[in-house]
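Please examine the model below together with its sequence. The explanation after it moves from a sheet and its helices to charged pairs and then to single residues.

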Amino acid sequence: MSRTTGTSIPSFMYAWRKHDGNLEPVWEEVHVPQTPARGFLVKMLASGVCHSDHSLLTTDKRRPWFQDKYTLGHEGCGEIVQIGHEVIDAGFKVGDRIATIAVPGCGLDGCPECSRDLAQLCERAHHAGIGQDGFYAPYAALDIRAVVRVPDGIPSAVAAVATDAVKTSYHAITRRAEVQPHETVFLFGLGGLGFNALQIERLEEAARFGIPEKDLVPANKSVQDFVRENGLQGKIDTTLDFVGTHQTFQDAQNIVRRGGKLLCVGTFDDENKINMKIGIQKRLSIIFTYGGQLRDLKEVLDLISKEIIQPQVETAGLKDFPHVLKVLCDGKIKARVALLHE
């Protein structure tokens, strides 16, 4: 192995953990992981907080790989401190700052998912922070398939958030929905009617970033009425639903044009209804998406480095995780939040 000169790596660390049957995160002392032969030991610099963390803490649904106890956190940026002996010549060096994807896939030719370019759906590989140890800890062990070098100039907090919040959106829009420049697109992403104040704040943010006011649906305004009143009926090629409520899914089916596409990303409601008459008569395509891949993260980081994408990120400390998650779930945070490590 290679190790940072003069750096002492501890044997134990404290991490935010999920315990099966416990709805609250546990601040627990655990072993610092061993460096994998085909990967790296990484000292974490920043970890993004996601609504999925709340779902993982509160759900009783366990996937096959879920452990009874594991470290939470599936968005991460860190610095390589040790390199596994099988990847010493792979182009990475101690001190490199890297961003990581939570589900890199196993990469085996016989894998039913990886062999079909669906690495993010692979059940054989490690799932960081999703049933297996993740990034709300000072150190993490990562396979080489999970890491991308972070360009200079991108803050670690932004790089951490890019690994899921930005990468998932990018994968959804460019690869799954295959949105083209000429298309008219309707985005659901400002929350439900119960968050009117929050909607207004986010509408102001959208306007500040150059979205024309005429293209923003005002809070308390019916989406279907807005589409009718603005002459958009029959013109919307694709809907991008980052909310996933009964209302947004219903609206999407009604406002999209014949032969249009509905991209489903958000899962606020676990189950939504398809209007079979509308779906068949319009010949709609309903597209689901999940996560993203290493190439998506590379492209996203490149776009961020060129300031084509500018993620809005707030920061807090690692120990603040329970408070940050509560505030996030209460709808009181306009941007994404990254926890900074000491």
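The paragraphs that follow describe the arrangement of strands and helices, the salt bridges and some individual positions.

This is a predicted model, in which local features need pLDDT of at least 70 and side-chain atom pairs count only at pLDDT 80 or more, while totals for chains, interfaces and linings use all residues. Residues are numbered from 1 along each chain as its sequence is written, and side-chain values use heavy atoms, with hydrogens and water left out.

The sheet comes first. Four strands are arranged as an open sheet in the order β10-β11-β12-β13, with parallel pairing. Helices (H or I, at least four residues) and strands (E, at least two) are DSSP runs, numbered from the N terminus, and two strands pair if DSSP finds at least two bridges between them. At the edges stand β10 (185-188) and β13 (285-288), each of which pairs on one side only. On average, neighbouring strands of this sheet are turned by 15° against each other, direction ignored. Such angles run from 0 to 180 degrees between N-to-C directions, and the axes are lines fitted to C-alpha atoms, for helices over the stretch in contact. Within the sheet, strand β11 (residues 236-241) and strand β12 (residues 256-264) run parallel and are joined by 5 bridges. Thr239 stands opposite Leu262 in β12.

Two helices accompany these strands. Helix α2 (residues 156-176) packs on the sheet and touches β11, β12 and β13, where contact means heavy atoms within 4.5 Å. The direction of α2 makes about 145° with that of β12. Helix α5 (residues 246-255) lies across β10, β11, β12 and β13 and runs at about 155° to β12.

Because 15 of the 21 residues of α2 are buried, the helix is largely enclosed by the rest of the structure. Buried means under 20% relative accessible area, exposed over 50% and partly exposed in between (1.4 Å probe, protein chains only).

Side chains of opposite charge can pair when their charged atoms come close. A search of the whole structure finds 17 salt bridges, each defined as a side-chain nitrogen of Lys or Arg within 4 Å of a carboxyl oxygen of Asp or Glu. One of them joins the side chains of Glu28 and Arg17 (3.1 Å, N to O). Since Glu28 lies in strand β3 (residues 26-31) and Arg17 in strand β2 (residues 12-19), this pair ties together parts that are 11 residues apart in sequence. Both Glu28 and Arg17 are buried, and a network of salt bridges links Arg17, Glu28 and Asp133.

Another salt bridge is formed by the side chains of Arg336 and Glu75 (2.7 Å, N to O). Arg336 lies in strand β15 (residues 336-340) and Glu75 in strand β6 (residues 75-83), so the pair ties together parts that are 261 residues apart in sequence. Arg336 counts as partly exposed because its relative accessibility is 24%, whereas Glu75, at 0%, counts as buried.

Asp237 belongs to strand β11 and Arg257 to strand β12, 20 residues apart. At 17% relative accessibility Asp237 counts as buried, while Arg257, at 33%, counts as partly exposed.

The last topic is backbone torsion. Most residues other than glycine have a negative phi. Which residue just after α2 takes a positive phi? Glu178 does, with a value of about 50°; this residue lies in the loop between α2 and β10 and is partly exposed, with a relative accessible area of 48%. Arg283, also not a glycine, has a positive phi of about 55°. Its place is in the loop between α6 (276-282) and β13, and at 59% relative accessibility Arg283 counts as exposed.
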